[in-house]
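Subject: Two-chain model for you to look through

Hi,

Here is the structure I promised. Please open it next to this email and follow along.

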Amino acid sequence: MARKKALQPSASDPLNELLPLAEPTAPEVHFGAAVLEVSDPAQLLELAGDTAVRPYLLCRLAPQVALVDPGRADDLADVLRRRGHTPKILKS
Amino acid sequence: MTPSPGRSLPLLFAPSTRRVPGGLEHMRLDPLRKAARTWLDAGLSSLPREDLISRLRKALEDDAAAARVLRSLTSQERAVAAAYARYGGSVDGQVIRLDLMARGLLEIIERKYSEHYIQRQWKQNPITAMVERWILLSEEIDLGYSYSSYSYGSGPDSPLPRYSLHAGIARQLEPAGPAPWSIPPAAGIPEAITRRSPAEVALDLSRVFAYLAGRGSVKARKDGSPAGPALRALEKAVPLDEGADPRLPDPHGFSLELMRSAGLIGVQGSELVADATAAARQFTRPDFLQMDSWARGWLSARYWFDGSGSEQGRAALAYAGPVQSARKVLAWALGCLAHAGDRWYELDTFLERLHALHGHPSSSHLPYMELTWDPRLAAARDKERQSGDARLRAWWFSKEGTWYANALMVSLVALGLVERARLGRGESAPLGFRLTESGRAVFGAPEVAPPPEPAQRRCLVIQPNFDIVAYLDQAGARTAGFLGRIAESDSAHSGPIQTFRLTQTSVYQAEESGLSHAQIVEFLQQHSQRELPANVLRSLADWSGRRESLSIRSGVTVLAFPSTADRDAYLERHAGTACGEHCVLGSGSGKALQLPGALVSRHLGDRRRTLELDEQGQISLTQPLDLVQKSRLRRIAQPPRSAAIGWQLTAASMRRAAAGGLKPGVVHGWLSDHLARPAPPLIAVAIDAWLRVGRGRPLELADAVLLHIPEKDQFQAIATSPRLRPFLLARPGPGWLVVHKETRKELTAVLEELGFTMARELTHDELPAITRLAGTDPK
């Protein structure tokens, strides 16, 4: 219970404002999806705070994983590279 | 032909797989009976048609029957079959014609009927009889075959049709050796030699590959050739040395063709996609195998032409086949020379002897393109002034000869297979060439053995400022191919000593193309003349770490559950990786990834169109929102304020979307993805207005005094009257005039004085009917 409480986003959490944690209300299956994974949750705050990157990210599936806007993973990679990031591209 | 272990196949090797002629069931009875006399026992050729076909098919599939037919061949036919077998059994018609003529198995004689009419015909031609007996099988019935797209005439000056030696015979026959065709070696001493090592070739190709792999893909045209802007971006990013004159046309287009042929680049839809695994395999092959692979790529290039560069569309379609055939002829001729040893040859002599063997081809299909290099062949001079045979000969040198010169002295020099030079001092010395060591092995296979692999040497100096000085004269293709993938160079300079630079981008591109951090460090340590600078090692580790810390994984299946308990229950029964509190990541779309009753969203297909939008901007739901829909609405719409008022597009929500970086195209795209019916036009233009697209002319709204004159003649008279002009301001449409407000009473008095009856109410047309679109129902 304590663990769950710790994960509850606070209203003042800037990351939750920019990129809320997903709260599905029914079971969902998303085929052909793309996710952005970071090693440190703070990286997601940095990326979501960048208005050039944020339109490509929809919500967080986990503190270090964001769901990418459908069909725009390649565009996201290009934007990240243009902004000096070096994303590792993995295709299943 | 089964190659000996460790020996490579001839460059023009194409294995024969045919045993049965195409259209056997539909053949006339005559040819069936003729073939039966070869393939069946005596007396069976008179069987009824159906039985005959059945027996023939069985015999053609039988190796024992093939062995018997092989034994029945005359020595001349056997020699022809062995020549076919040298090339695997299936040979280009132009090549086999030259090959058999060089061996004396085909011979042309000339019959002079008058001073102006000389007929050329075969003195002996065993091909016809071998075709009739199905020892040689035509490939041209198969419409899928590329050579069927154009055809030559018939006669001794035309290429033979493309035939396959019967596969059962081909596998039991010892292939012939190389054709005994050669030319005398040159006497002059080569000066100003132009040559490229396998390392230089591999370096350029790997640099182009690294660029492509770093981007994953580049745009392609419909025909699979690289799109113009993509090619120009590549040229800018990866400058390549085009060498001294004569220069290789469009070296980047050439590189892409070679890599496509070697499987390093594939076409997926409208993109050229880099294959990192294939590149890793190719660039780690021994020098000879890399060179052999690039030579095969040159032979099959479809969108790049020797002497003219990249072509698309109709030109590529029309000329690719004939150019490929001419390249095979050149490869055949060089194969013959490869067996003569390490010699220099004069270009003019080579072309003269090749022409002499060719004869006067009755038709040529080489492209009429302006070639970048004119070798000014002596035999092509004054072609306009010649007549008869001399004129035909001069034109051959002007067109075919010049094309062969471009392919031999430019394309193959760029590939490191041929060296070129002046055979003597000064510009007037004849042009000459010789095959490089790799070239002799590539063209002379299987008899000419590949050169030994260069010893691994420490050929790099790596400096603390990340510069790498590479001594390519001490490097093999493997080393150069690796270096080109991990380091960048701003310079197009070519030569034995070149400078590169390790950068975060170059190392990132290398890792994206499939190299690991450990492989890069190991390579640098192995080839560096000194210990790697500590700061270089640290930066390499840092750069790799940064890449590992941020990844985009696409093609995954996300399963989302309302509670962690539901998610955990799923994971107890199925494979997948837990992600956060609610999700599972899997891959594929298998049965295990189906959830009964779940909302299903296909990110690469049609999205769920379950929203409706009205003119108030209000969004109603026909089904529950999924994560994508909810996240997108959260960005562009005001969340539900009550059970009665759901999501709504408003000026404030759009301002917030714009502030978050969303562009109008994305907003429209999102709505289009999810709306069951198109957005009402008013809201569509409102979205643009809210997001301030175009900043067009403002709308105007103000009070005005209007004079309506329904009668056309009256309107014309009043609108053009000099007396009334001071009262009038504008003409908004036929029958309507705008009046200066302050002159309203005065104008009324004047018009009444003129006898017009004035009414105080305006009569006008109805507004156009309202289009009934989604959410625009006026009720």
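Start with strand β1 of chain A. Eight of the 11 residues of β1(A) are buried, so the strand is largely enclosed by the rest of the structure. Buried means that 20 or more other C-beta atoms lie within 10 Å of a residue's own; exposed means 12 or fewer, and partly exposed is in between, with C-beta atoms placed from the backbone. Strands (E, at least two residues) and helices (H or I, at least four) are DSSP runs, numbered from the N terminus.

Two notes on the source. This is a predicted model, where local features need pLDDT of at least 70 and side-chain atom pairs count only at pLDDT 80 or more, while totals for chains, interfaces and linings use all residues. Residues are numbered from 1 along each chain as its sequence is written, and chains are lettered from A and ligands numbered from 1 in the order in which they are written.

What does β1(A) pair with?

Strands of a sheet pair through backbone hydrogen bonds, either parallel or antiparallel. Here, two strands pair if DSSP finds at least two bridges between them. β1(A) covers residues 28–38 and is joined to β18(B) by nine bridges, in the antiparallel sense. Val35(A) sits opposite Arg553(B) there. Glu37(A) has Ser551(B) as its bridge partner. β1(A) also pairs with β21(B), this time parallel, over four bridges. Within chain A, β1(A) pairs with β3(A) (residues 65–68), antiparallel, over three bridges. There the partner of Leu36(A) is Ala66(A).

Where the chains touch

How many residues of chain B are in contact with chain A? The count is 52 residues of chain B, against 44 residues of chain A. Contact means that the C-beta atoms of two residues, placed from the backbone, lie within 7 Å. On the chain B side, the elements giving two or more residues are α18 (504–512), α20 (534–548), β18 (550–560), β20 (583–587), β21 (599–602) and α22 (627–636). β18(B) gives the largest share, 11 residues. By class, this side of chain B has 24 nonpolar, 18 polar and 10 charged residues. Nonpolar covers Ala, Val, Leu, Ile, Met, Phe, Trp, Tyr, Cys and Pro; charged covers Asp, Glu, Lys and Arg; the others, Gly among them, are polar.

Chain A on its own

Chain A has four helices and four strands. From the N terminus, its elements run α-α-β-α-β-β-α-β. Of its 92 residues, 37% are buried. Among its contacts with a separation of 6 or more, 56% are between residues 24 or more positions apart.

Take Pro41(A), in helix α3 (residues 41–48) of chain A. Is it buried, exposed or partly exposed? Pro41(A) counts as partly exposed because it has 13 C-beta neighbours inside 10 Å. Leaving aside neighbours within four places in sequence, Pro41(A) is in contact with Pro63(A) and Gln64(A).

Chain B, piece by piece

The domain assignment, automatic or from a database, gives domain 1 (61–170), domain 2 (190–444), domain 3 (460–548), domain 4 (556–593), domain 5 (611–690) and domain 6 (702–779). The C-alpha centres of domain 2 and domain 6 of chain B are 77 Å apart.

Look at helix α11 (residues 276–283) of chain B. Its buried residues are Ala279(B), Gln282(B) and Phe283(B). They cover an arc of only 85° around the axis, which puts them on the same side of α11(B). The arc is that of the directions from the helix axis to the C-beta atoms. Their cover includes α8 (198–215), β9 (271–274), α12 (287–300) and α17 (477–486) of chain B.

Now compare helix α24 (residues 664–674) of chain B. Val667(B), Trp670(B), Leu671(B) and His674(B) are buried in it. These buried residues fall within an arc of 95° seen down the axis, so they line one face of α24(B). Among the elements covering them are β22 (611–613) and α25 (681–690) of chain B.

Last, a sheet. Three strands of chain B form an open sheet in the order β7-β9-β8, with antiparallel pairing. The edge strands, β7 (217–219) and β8 (265–268), each pair on one side only. Three bridges join β7(B) to β9(B). Val218(B) stands opposite Leu272(B).

Best wishes
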